[in-house]
Amino acid sequence: MGFLNKLLHRHKSPFMDWIQIEVTSLCGSSCFYCPHTIYRDHWHHASMGLETFRSISNDFKIANLIFLQGWGEPFLNGKIFEMIEIAKNEGSKVGLTTNGMFLNQETIDNLINLKLDILGISLAGTKSENHNRLRSGTDFNQITKCLLDLKEKKAQKNSAIPNVHLAYLMLRSNFEDLRDIIKYAKEINSKDIVCSNLNFFPSPELRNESIFLDEEKTSYYSEVLKGLQSEAKNNAVNFFFYSPVLPESPLSLCPENILKSCFISHDGLVSSCVFTNIPLLVNAGRPLPKRIIYGDINQQSLPEIWDLASYKSFRHIFTERQKSITRDIDLVVDIDRFQQSDEGKINECVNGDLDDLPVHCSHCYRMFGV
């Protein structure tokens, strides 16, 4: 009977592109645009325990990629190296995104030895003046030195991984810095650049930094980004950017890839994406984003949560919307880079209908592909 139960469990298991896990909600930085900074007094500060992580790891084989990223700095979880090792031992491709301030020699050695696949570095400038101002508590020059140390150490150990991915947040006040991003990527030996929009506004004034709301300059932003894309191609660098133009209609599917991925918070709560699971305290005394939760990994396995009626009902909405897409959705997702793969393919998914979307999705800019 036990064998049959296990067999049935495997048969019902979903197959995901990735499982995104928030190993901690702690962060020592104070990026001016981040919910962690703006909601600091209402934040649930904690880290995922190793026992919880081990319980999730039983289902890692159902995903191509385990990505250790949420609303905190992964290296502030004291068990992060053990977590990477557990995931790698399950045969998973493993990645994380960091602010880059903890990449000392010991950490670099550990990441290479553990064979971490993807190391994402959050940037808000290619010069210290902009980056340090926008991401208070981090230092661009120190991050660059650490990445050069990583480059050297990888060469010494003849290791191709971890692959360094530059995650650049595009703002009105740092957009011109992007002109140096290809040169910077070549310097620190990064083959992948992802340029994202500021698309969540925990305070109203942040809208003034969003480039897709800067309608008078969207043509200029597009021209610069397409020029950088050509430059990147000539330098064998993968350059992806989310559109600086806000379309009139939403996409058929969300770029968060909710049909083939999920997000698990540091306290084990499962949601469809990171934006619906911000770790805020209940009864904070002010209107705050609500957590949209489908289950608790401490009480049920991930496949069991995936199969719950409420979660299936949510995904069914997008399964129906997917039918309007002329291309196979598998062509739209790039697993190796944890992102949508091509702007043109995303634009082909425009559906034009908001009526059938859940309320929290219909109000989200991610549904518009920006």
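Student: How many helices and strands does the protein chain have, and what makes a run count as one?

Tutor: The protein chain has 13 helices and 14 strands, where helices (H or I, at least four residues) and strands (E, at least two) are DSSP runs numbered from the N terminus. This is a predicted model, in which local features need pLDDT of at least 70 and side-chain atom pairs count only at pLDDT 80 or more, while totals for chains, interfaces and linings use all residues. Residues are numbered from 1 along each chain as its sequence is written, and side-chain values use heavy atoms, with hydrogens and water left out.

Student: Why is the pair of F175 and Y220 called tilted?

Tutor: Rings of Phe, Tyr and Trp (its six-membered ring) pair if their centres lie within 6.5 Å, and planes under 30 degrees apart count as stacked, over 60 as edge-to-face and the rest as tilted. The ring centres of F175 and Y220 are 6.2 Å apart and their planes stand at 55 degrees, so the pair is tilted. This pair links distant parts of the chain, since F175 sits in the loop between β7 (163-170) and α8 (181-188) and Y220 in helix α9 (residues 218-234), 45 residues apart.

Student: What makes F314 and F318 a tilted pair, and where do they lie?

Tutor: Their ring centres are 5.3 Å apart with planes at 55 degrees, so this pair is tilted. Being 4 residues apart in helix α11, F314 and F318 are separated by about one helical turn, and both are buried. Ring pairs also link Y294, W306, Y311, F314 and F318 into a cluster, and the structure holds 18 aromatic pairs.

Student: What makes a space in the model a pocket, and which residues lie nearest the centre of the largest pocket?

Tutor: On a 1 Å grid over the protein atoms alone, a pocket is an open set of points with protein on both sides within 12 Å along at least five of seven lines, and lining residues have an atom within 4 Å of a point. The largest pocket is lined by 24 residues, of which F200, F275, H360, H363 and C364 lie nearest its centre. The elements giving two or more residues to that lining are α11 (309-322) and α13 (359-362).

How values were computed. On a 1 Å grid over the protein atoms alone, a cavity is a set of points where a 1.4 Å probe fits but cannot get out, and a pocket is an open set with protein on both sides within 12 Å along at least five of seven lines; lining residues have an atom within 4 Å of a point. Buried means under 20% relative accessible area, exposed over 50%, partly exposed in between (1.4 Å probe, protein chains only).
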